[in-house]
Amino acid sequence: ADRPGQHFMLQARRRGSLDVGAPIYFRQIQVGEVVSYELAEDTRTVNFKIFVNEHHHKKVRENSRFWNASGIDVSLSAAGFKVDMESAVSLLTGGLAFEVPPDTPPGEVAPTNSVFTLYENREAAYQPEITVRNKFLLYFDGTVRGLEPDAPVEFRGIKLGRVVSVDLEFDADSEEFHLPVLIELEPERLSTGFAHLTEVEHRSINEELVARGLRAQLKTGNLLTGSLFVDLEFFPDAEREEIRYVDGTGVLPTVPTSLQEITRNVTAILEKVKAVPFDQIGADMTKTIANLDKTLVQAEGTLKTIENMFADDSVISQELKTSLRELADAARSLRILADYLERHPEALLRGKEGQ
């Protein structure tokens with residue numbers, strides 16, 4: 001109370017490791033500390049009272065973001081391995097940090113006792129402020145093991161929302177179990193004015209997207225942990241479906257995972273193979289081979305008969321030879337006659353001389 005500066009209020013989902021006296025940093029310089037904390041009257045949040053020293057309290061702007069800087073924030077991404085730590089003191093006592101998000105113009109200086117949200121880490125603090133959340137239900141076939149609340153909902157690698165809950169329900173009429181997955185989509189993450197459309201316009205666009213093949217699918221987010229996330233993508237060849245509504249909440253159609261689709265196709269192939277009557281086919285082939293063998297034996301006998309018919313000592317062969325000799329004799333006589341007529345053509349009128 002005897003130090004110049006200003007007080008502010010922070011609201012968090014949980015206390016974490018923060019305690020009274022925990023330091024507050026601005027660009028890794030300590031500018032204040034936590035004064036007190038208490039559970040909110042509705043028990044939904046933990047309220048922290050903080051103090052920022054004079055000359056630094058003007059750095060707290062109306063659009064500043066506060067986050068829990070306790071411990072070490074380790075991340076591995078395409079950019080490489082990154083370690084984020086405000087100071088060694090925060091490892092032991094916890095700590096907070098604040099800053100205006102990058103590429104954001106600083107707002108007006110925050111008045112004393114202004115209330116801010118306390119985010120769990122820097123990454124969460126830098127996320128755009130979300131005010132519109134549209135809920136949808138998804139029903140998946142098969143297991144949803146590895147899908148947890150707060151898992152991301154993505155479209156082509158861009159986060160568009162999160163999983164709210166994963167439940168199990170029993171339908172007494174059909175006596176079947178269902179797995180409803182409730183998700184929240186945050187249209188403000190889109191760069192267009194999609195978030196400011198009316199409810200009727202939202203429904204119309206969603207129905208059109210589903211008609212064009214928009215479907216939800218479970219995908220593996222981490223091979224080591226087996227964690228899943230919900231991926232939204234267009235499947236133009238999918239069967240046409242429409243959005244239905246359960247108690248006012250839209251139900252988006254889903255498609256099986258890649259592994260489920262492969263398993264389903266393999267199962268269908270095996271069922272078709274199983275339905276093939278291999279025993280009957282084998283019996284028919286055996287019968288066909290037997291008939292073919294019998295035909296071959298008959299053909300072999302016919303060939304032998306023909307061969308015997310045309311053998312040198314066969315009757316047909318002898319008669320054929322005799323016919324050929326007689327034909328040769330007749331041809332020789334015709335040649336003699338033709339030669340004589342060529343020399344004595346008058347013989348056709350007077351006959352052969354001396355006859």
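The legends below describe several close-up views of a predicted model.

**View 1. Strand E2 and the directions of its side chains.** Phe26 is found in strand E2, which covers residues 23-26. In a regular strand the side chains alternate between the two faces of the sheet. Along E2, Pro23 and Tyr25 point one way while Ile24 and Phe26 point the other way, and all of these residues are buried.

**View 2. Strand E2 with its partner strands E3 and E8.** Strand E2 runs antiparallel to strand E3 (residues 29-39), and four bridges join the two. With strand E8, by contrast, E2 pairs in the parallel sense, over two bridges. Ile24 can be followed into both partners, for its bridge partner in E3 is Gly32, and its bridge partner in E8 is Leu96. The hairpin of E2 and E3 has two residues between the strands, and in this hairpin Arg27 takes a positive phi near 55°.

**View 3. The surroundings of Phe26.** Is Phe26 buried or exposed? Phe26 has a relative accessible area of 13%, and because a residue counts as buried when this value is under 20%, Phe26 is buried. When residues up to four places away in sequence are not counted, Phe26 touches Val31, Lys59, Phe98 and Glu99.

**View 4. The aromatic pair of Phe26 and Phe98.** The model holds eight aromatic pairs. One of them is formed by Phe26 and Phe98, whose rings are tilted, with 5.1 Å from centre to centre and 35° between the planes. Because Phe26 lies in strand E2 and Phe98 in strand E8 (residues 96-99), this pair ties together parts that are 72 residues apart in sequence. The C-alpha atoms of Phe26 and Phe98 are separated by 5.7 Å, and both residues are buried. Phe26 and Phe98 also belong to one aromatic cluster, which they form with Phe8, Phe66 and Phe116.

**View 5. The aromatic pair of Phe170 and Phe177.** Phe170 and Phe177 form an aromatic pair that is likewise tilted, with 4.9 Å from centre to centre and 55° between the planes. Phe170 has a relative accessible area of 48% and is therefore partly exposed, whereas Phe177, at 59% relative accessibility, counts as exposed. The cut-off that separates these two descriptions is 50%, since a residue counts as exposed over this value.

**View 6. A charge over the ring of Tyr245.** In this view the charged end of Arg203 sits over the ring of Tyr245, at 3.9 Å from the centre of that ring.

Key
Residues numbered from 1 in each chain as written. Predicted model: local features only at pLDDT ≥ 70, side-chain atom pairs only at ≥ 80, totals over all residues. Heavy atoms only, no water. Buried < 20%, exposed > 50% of the residue type's maximum accessible area, 1.4 Å probe, protein only. Contact = heavy atoms within 4.5 Å. Phe/Tyr/Trp six-rings, centres within 6.5 Å; stacked < 30°, edge-to-face > 60°. Lys NZ or Arg CZ within 6 Å of the ring centre and 35° of its normal. Pairing = 2+ DSSP bridges.
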